[in-house]
Amino acid sequence: MKDLKTLKAIVKDGKVTLDLPEFLDGTKLEIKIISTEKSLQEQISDQIKREPEEYYQPETIADTGTLIDNTVLFHQLKLINPLLEAIEEQGYNHPSPIQVQAIPLALEGRDILGTAQTGSGKTAAFALPIIQLLAANEPKGKPYPRALILSPTRELASQIGESIANYGVYTEIRHVTIYGGVSQRPQERELKKGKDVLVATPGRLLDLIDQGIINLDRIEIFVLDEADRMLDMGFIHDIRKVLKLIPNNCHTMLFSATMPKQILELANKMLVDPVRVSVDPPSSPVETIDSSVFFVEKSDKFNLLAHLLKTDNITKALVFMRTKHSANNTAKKLTRQNIIADSIHGNKSQNGRERALRGFKNGEIKVLVATDIAARGIDIDDITHVINYDMSNEAEIYVHRIGRTARAGKSGIAYNFCDEKERSYLVDVERLIQDHLIRPKKYPYVSKIPAPSLTELNPQRKTRSKKKKRRR
Ligand code: AMP
């Protein structure tokens, strides 16, 4: 397989900057630019022509960020009427960039390697083509599983299941969602009725396969969703087992928020001649999210949180904490101060997690305190604030976290509490997103240690451009 690399085109203030240095090794590149905006495509193309090196790139798709592009309409993506009607009922006016890129390719039966996180609209990007492809070729008699979507968590699996039901409401396509932690009987009963699409977490799926209740022999389309998180959660062996059980010639799509080497290796094994689609570069969420940093020491963080929740115009806040224990405690302490809060983390029972999510979704709970693993799949549209009580120690996680607000093109607010020890994390985040977080002028519990000077945003890039000059 050819060496696939992503070439990032960063668009800011009408200017296109290409992130080329890593390709400056004399390799011949071939670049394909696919953009939803013609002018953008031309700009990028001009920019590339100005670069003296030649580049080889099998399929590069220009990054258009997560913002809904209001120049494209769903019917331009060649979707069938029953889907268009369902989309209209969902209130979507325009496809999101990942949908613009992935839907036509998936409908053509292409394998896809997608870089996209929750919030980008990626579920519809694979769910709509799956429904359309299956509906075009329905078997006579009782349906049997023809598509499998693997998801790392029960929450995400349930959300994907709901999406399939919503988008497929005017088709005959039926799905079942399979996950552990609950009785398998209702799932068995659903399976017996005959289903076209299986949405599953790996453990329970393999259990039911072992018991002879599920058979993957006739799977035609396979989606591995949130692949990086699957690996984080230790599912690699389960994934390998599933891969052995599905037919070799499956139409396969892999989506992941990040693309570390391990995922690319997995993709290499799973995908045949894939197209790479990509949205949500690390810098894009900040375009619609106002993100501020509060310099506050650890012992004052709770007081600052309670103060902001009482005085700011916060209607639905997701608070991130590093540990399960502190998530629990913080939710309890907030409730004692009459701020209705609950927590969600890996130690909670399935029922407890569902109750917390339901309450948060329907507005009974104002504040949901979460750990990263528990929160990443949360799909709630109207979160007004994401509060990073603990700064994330990986800059990419920061992007995932704040992506819980400003869903599908809306705007949102992120607050980051940064104590003295976390100041280096702030530097990492600001360098990743290539921007400075807002520093509010006045707030209580401000740290007595003077605020650090502004982060130098791009020290590496300076060195790179020097290197580039030397080469020429
Ligand atoms: P996802 O990234 O698949 O988790 O989707 C994030 C949220 O965006 C979900 O609540 C979807 O219902 C919503 N969504 C997906 N596509 C669109 C669209 N084209 N326009 C508006 N909202 C969308």
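Modeller: Begin with strand pairing: two strands pair if DSSP finds at least two bridges between them. Helices (H or I, at least four residues) and strands (E, at least two) are DSSP runs, numbered from the N terminus. This is a predicted model: local features need pLDDT of at least 70, side-chain atom pairs count only at pLDDT 80 or more, and totals for chains, interfaces and linings use all residues. Residues are numbered from 1 along each chain as its sequence is written.

Colleague: How many bridges join β11 to β14?

Modeller: Strands of a sheet pair through backbone hydrogen bonds, either parallel or antiparallel. Here four bridges join β11 (residues 317-320) to β14 (residues 385-388), and the two run parallel. Phenylalanine 320 has asparagine 388 of β14 as its bridge partner.

Colleague: In what order do the strands of the open sheet lie?

Modeller: Six strands follow the order β10-β15-β14-β11-β13-β12, with parallel pairing. β10 (289-295) and β12 (341-344) are at the edges with a single partner strand each, so one side of each has no neighbour in the sheet.

Colleague: What are the angle and distance between the axes of α4 and α5?

Modeller: Axes are lines fitted to C-alpha atoms, for helices over the stretch in contact; angles run from 0 to 180 degrees between N-to-C directions. The axes of α4 (residues 122-135) and α5 (residues 154-167) come within 10 Å and cross at roughly 50°. That makes α4 oblique to α5. Angles under 35 degrees count as roughly parallel, over 145 as roughly antiparallel, 65 to 115 as roughly perpendicular and the rest as oblique.

Colleague: Which residues make that contact?

Modeller: Two residues are in contact if their C-beta atoms, placed from the backbone, lie within 7 Å. From α4 come Thr123, Ala124, Ala127, Leu128 and Ile131; from α5 come Ile160, Ser163, Ile164 and Tyr167.

Colleague: How many residues of α3 are buried?

Modeller: A residue is buried if 20 or more other C-beta atoms lie within 10 Å of its own, exposed if 12 or fewer, and partly exposed in between; C-beta atoms are placed from the backbone. In α3 (residues 97-107), nine of the 11 residues are buried, so this helix is largely enclosed by the rest of the structure. Among them are Pro97, Ile98 and Leu105. The buried residues of α3 pack against β3 (112-115), α4, β8 (251-256) and β9 (275-278). Just after α3, glycine 109 has a positive phi of about 85°.

Colleague: Which residues of β5 are buried on each side?

Modeller: In β5 (residues 175-178), His175 and Thr177 are buried on one side, and Val176 and Ile178 on the other. β5 also pairs in the parallel sense with β6 (residues 197-200) over four bridges. Valine 176 stands opposite leucine 198 there.
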